[in-house]
Amino acid sequence: MLTLMKQEYYKTFKQNRLYIWLGLSVIFPLAIMGIFKSQRGAGSITDLGHATFYVYLVGIIITALSVSQEFSFGTIRPLLSRRFSRGMIFTSKLLLNLSIYITLFIGAFIGTMIGQLIFAPKFDFSERVSYAGNGWQTMGITVIDTLFQMIFVAALVLLITNLVKSSGAAIGLGVVMIVGTPILSSISMLLINMAPILKWNPFNIFIGMAAYGQASPSMIKSMVHMSQGTVVIAYLVYILAMYVIAYLIFKKRSV
Amino acid sequence: MALLEVKNIDKNFGKTKAMTNVSFNVEAGHIVGLIGPNGAGKSTTMRAITGLMSYSNGTILFDDKPITFSDHQALDKVGNLIEYPAIYPNMTALEHLNLYAMDTQDSADFKDLMHKTQIDGDNFGKRKAKNFSLGMKQRLGIAIALIRNPKLVILDEPMNGLDPQSVHDLRELIRDLADQGVAFLISSHLLDELQKLVDDVVIINHGKIIETATMTEFFSHDKVRWVMDTSDNDATVQLAQDNKWTVTVDEGHVQLSGADNLQNVITAMNHADIQIQTLNTVTGNLEKSLLDMLANDDKGE
């Protein structure tokens with residue numbers, strides 16, 4: 001497993017785009033806070049200068065490319081025709097992606113801290129700024145919440161990538177999941193009104209999780225028709241199910 | 001005991017039978033040519049051996065260890081180049097070798113391998129693989145197949161995109177490695193090249209093995225032919241027919257076979273007062289033998 005991880009990192013570090021993406025994760029919050037005076041308050045700073053959106057988007061692209069590029073370069077064959085099991089190869093890809101997400105968050109955090117020092121030096125992180133708590137707590141909840149959403153969408157993206165062996169469709173779906181949340185929310189609510197059982201649809205669970213930390217538990221319950229705890233459990237079940245299906249497709253695929 | 005044993009392998013794609021009861025062995029130090037027309041099942045066989053494709057029946061053993069779709073630890077000592085080189089466009093040749101050598105304690109000497117596969121020249125240096133020509137990529141693909149000091153190397157169309165000098169050098173490299181005990185399973189449509197290289201042949205058609213033999217055995221079926229220009233072709237044809245030899249006239253040249261030896265032919269022609277102006281002896285030709293064999297197989301003979 002260690003060898004596989006070393007190889008995955010070796011390949012990743014040889015890609016110029018990784019450095020560009022990491023650099024942009026630092027620059028993004030700086031640019032937002034520098035250009036827009038209105039984005040120097042608690043809402044922006046605890047959202048890493050809105051770089052959570054950037055990290056989310058790049059994370060999805062990286063996830064899709066991590067598998068689809070192996071197919072398009074033809075490198076999937078030497079990757080799979082070695083002593084390692086497909087389960088180990090799949091896991092190494094997941095761990096690589098997760099570590100890149102975390103690195104992107106660290107980059108965005110560094111950019112946000114620099115931006116706060118330059119553009120909002122009087123901002124006090126110890127003051128209560130949201131339902132979740134003070135500045136640090138709100139930022140922490142926002143990052144963890146975004147990371148969990150990324151893991152959910154990444155599972156879907158991996159599933160699609162493994163099915164169609166192309167990154168385009170998977171990235172498209174991932175982007176829809178990000179920017180189309182309000183539309184999905186409306187459609188989901190209409191469906192639930194028609195048939196209450198549909199509250200278990202993955203989009204409703206996703207919306208419930210996206211609101212975690214940003215809305216009170218009672219507000220979330222009225223939105224998605226289930227408690228916050230149930231949302232988390234359903235979310236984890238969906239994540240697990242999607243990764244298992246993605247793995248089974250990957251495992252069965254002849255190349 | 002053979003290094004690679006393929007025993008009674010079946011593979012179906014839906015209702016289409018891609019491999020039926022495929023069996024053959026590859027001995028250590030032997031170069032085996034897997035030959036057949038397009039769609040015969042060569043790549044499918046190679047994929048099954050390298051754990052890239054499942055098979056429904058039979059067994060594949062490498063070094064007495066099983067290779068299946070889900071369990072192929074035995075592949076540690078198998079190198080392969082299947083269909084086209086697996087190359088990351090943003091990495092150099094040396095970086096590729098570094099990458100693929102990471103999962104072994106026993107990798108080939110980089111400098112030596114790069115020299116032997118000709119990927120050590122100025123053209124390679126710091127250039128990314130995306131800027132390589134087809135031939136350069138192919139040479140890198142061959143180096144990748146050899147980097148882990150494999151006991152068995154599976155090469156699918158290894159001469160693709162190579163210039164004549166590179167083909168010659170590759171042949172020498174394969175022969176050298178085979179002399180050191182490395183086994184090769186090679187598929188190629190360049191039968192003249194294959195004929196110069198392989199020790200054994202496995203002929204596959206419509207997913208079935210129709211012949212496994214050493215090259216010597218294979219050509220023992222192939223009759224010696226004599227191609228000659230004579231003072232009287234019509235009289236030569238008549239003479240051949242009288243002696244029940246096989247004869248054809250092609251573009252003014254008489255092609256004759258079926259006689260016990262050349263001396264009998266010359267003696268008979270002298271007696272018939274026919275002058276031989278030019279004479280060539282044509283022996284075993286892999287392409288012709290293969291085409292004859294496939295034609296017979298297609299006829300169900």
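Predicted model: local features only at pLDDT ≥ 70, side-chain atom pairs only at ≥ 80, totals over all residues.

Helix α10 itself runs over residues 202–210 of chain A and is mostly covered, with seven of its nine residues buried. If you want to click through them, the buried ones are A:Asn204, A:Ile205, A:Phe206, A:Ile207, A:Gly208, A:Met209 and A:Ala210. Buried here means that 20 or more other C-beta atoms lie within 10 Å of the residue's own.

Now hop over to chain B and look for the sheet. Four strands make up an open sheet in the order β2-β1-β4-β5, and the pairing is antiparallel. Strands β2 (16–26) and β5 (65–66) of chain B sit at the edges with a single partner strand each, so one side of each has no neighbour in the sheet. Further in, β1 (residues 4–13) and β4 (residues 57–62) of chain B pair in the antiparallel sense over five bridges. As a reminder, strands of a sheet pair through backbone hydrogen bonds.

Last stop: where do the two chains touch? On the chain B side, 24 residues are in contact with 19 residues of chain A. Helix α2 (residues 93–101) of chain B gives the largest share of the chain B side, three residues. Sorted by class, that side of chain B has 14 nonpolar, seven polar and three charged residues.

Methods:
Residues numbered from 1 in each chain as written. Chains lettered and ligands numbered in written order. Buried ≥ 20, exposed ≤ 12 C-beta atoms within 10 Å, placed from the backbone. Helix = DSSP H or I, 4+ residues; strand = E, 2+ residues; numbered from the N terminus. Pairing = 2+ DSSP bridges. Contact = placed C-beta atoms within 7 Å. Nonpolar A, V, L, I, M, F, W, Y, C, P; charged D, E, K, R; others polar.
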